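Please look at the sequence and the model before reading on.

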Amino acid sequence: MSPTEPRPLLDALRAGTPLPAFPADAVESARALARDVRAATPAAVEPLPEALAAAVLEAAVLEGLPALPEALSASSVKPLAKAAKKALYRLRSRGVAVAEAPRPSAPEAPRAAAPAPDALPAMASTITNAGERALVMGRVLRGGGVEMVQALVSDVEGVMELRVGEKSRGNFRRLLKEGLAQGGTVEVPQHEAALLLAEAAGTNLRARTPFPPDLDLALRHFGVQPQTEPTALPPPEPEDVRRVLEGDLLHATPEMASWLPPEPEVKRLLQKLDEVMHSPLALSDVQRQEQLQAAVRTVARDFFATPEARQRYALRLWRMADFFERTTRPHEAEVARGEARRLFHGAEEPFSRFVERLFEKVLALVAAAGARAEAQGAATTQPPGTNPKEAPAAAPAPSLERRSPGGLILP
């Protein structure tokens with residue numbers, strides 16, 4: 001990387017590395033600002049050479065501090081204002097609250113000029129157990145039609161499927177209305193959906209998942225680029241300790257009732273449960289139940305001991321908090337955000353009730369399966385003269401497949 005790019009230049013400033021390419025007094029000023037970016041002011045940053053000013057903005061992004069880039073986004077130094085707006089976009093993508101820039105009053109447009117069309121709404125589905133969700137977006141074309149983009153995105157692989165087609169504006173709104181009526185989806189502003197698509201495209205790059213056809217086109221048309229850095233969450237708040245004790249209630253929501261651990265962890269837990277059930281020790285029912293619960297806690301803590309697992313589920317909860325908020329469930333949103341912040345930053349005690357319940361559900365499924373097996377065994381031992389054909393047949397498993405308005409399978 002070039003030593004004049006923001007990140008390596010910031011590292012050089014903080015490390016005290018000589019930078020003969022810049023004036024000595026500017027380097028010293030930039031060093032002081034980079035080391036204490038909270039105290040940096042626009043008046044101190046604007047006189048710096050462009051590269052040094054960008055390095056100070058990089059420090060603000062890395063520390064999650066929006067004040068400086070917010071102020072500089074309105075700077076009269078155009079390259080600096082552009083860099084500040086880019087910094088704000090990165091902060092917003094990482095979950096940092098950023099104030100909306102005030103819109104300058106524009107002069108009255110000529111009467112002959114047509115007004116710019118309003119951005120169309122977009123739609124996002126809930127998040128599945130595997131971290132997948134669907135996005136539907138639309139962009140007004142010059143002829144009055146709508147370029148509709150449907151995407152299936154994953155927080156593991158990125159954009160997995162993408163379709164681009166043209167609809168009339170009326171058909172687009174009708175399809176969006178039908179999709180929302182199905183449930184499991186919410187309407188979101190177009191710019192937020194575009195940021196989610198950019199975040200997923202960045203996951204493609206990090207996971208080395210090939211871009212599906214037309215993804216570059218869709219990103220360009222909606223004015224975003226792949227998010228190069230993983231999304232970060234703000235640090236925990238004091239009240240999150242209380243919220244984390246209620247995390248199990250999230251599994252009672254229809255959207256998260258089917259969430260289970262990944263298959264390898266389910267198999268590991270089943271093996272431990274089997275060891276307890278077939279233990280050579282003479283255990284009472286209470287002792288056996290205690291050992292089963294201990295197995296659940298052990299596997300849950302082992303899985304979430306890795307930063308990758310914690311951060312992946314933290315981001316899922318962060319997105320679900322937004323979903324709950326948009327579906328008028330503020331308490332669930334509050335609990336999900338508290339769980340998300342603590343998981344992302346590795347807070348260990350008290351341990352997450354959301355995580356424990358995620359694995360406890362496997363134990364509950366095993367117990368339910370055992371009860372069904374016993375019931376079926378009892379049903380086969382029928383009194384003489386009973387016709388086995390009269391026994392009720394097992395209901396077929398319901399199909400979980402849903403489709404978006406344009407035919408894209410929704411997770």
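## Salt bridges in the predicted model

Arg243 is buried, at 10% relative accessibility, where buried means under 20% relative accessible area, exposed over 50% and partly exposed in between, with a 1.4 Å probe and protein chains only. The model is predicted, so that local features need pLDDT of at least 70 and side-chain atom pairs count only at pLDDT 80 or more, whereas totals for chains, interfaces and linings use all residues. Residues are numbered from 1 along each chain as its sequence is written, and side-chain values use heavy atoms, with hydrogens and water left out.

The side chain of Arg243 meets that of Glu334 in a salt bridge, defined as a side-chain nitrogen of Lys or Arg within 4 Å of a carboxyl oxygen of Asp or Glu. Because Glu334 lies in helix 14 (residues 330–344) and Arg243 in helix 10 (residues 240–244), this pair ties together parts that are 91 residues apart in sequence; helices are DSSP runs of H or I with at least four residues, numbered from the N terminus. Glu334 is partly exposed, at 29% relative accessibility. Both residues belong to a network of salt bridges whose members include Glu237, Asp240 and Arg341.

Across the whole structure, the search finds 30 salt bridges, among them these three:

| Pair | Closest N to O |
|---|---|
| Asp11 and Arg7 | 3.5 Å |
| Glu308 and Arg312 | 3.4 Å |

Asp11 and Arg7 both lie in helix 1 (residues 6–15), 4 residues apart. In helix 13 (residues 307–326), Glu308 and Arg312 are separated by about one helical turn; Glu308 is exposed at 55%, while Arg312 is partly exposed at 25%.

Note on methods:
Helices (H or I, at least four residues) and strands (E, at least two) are DSSP runs, numbered from the N terminus.
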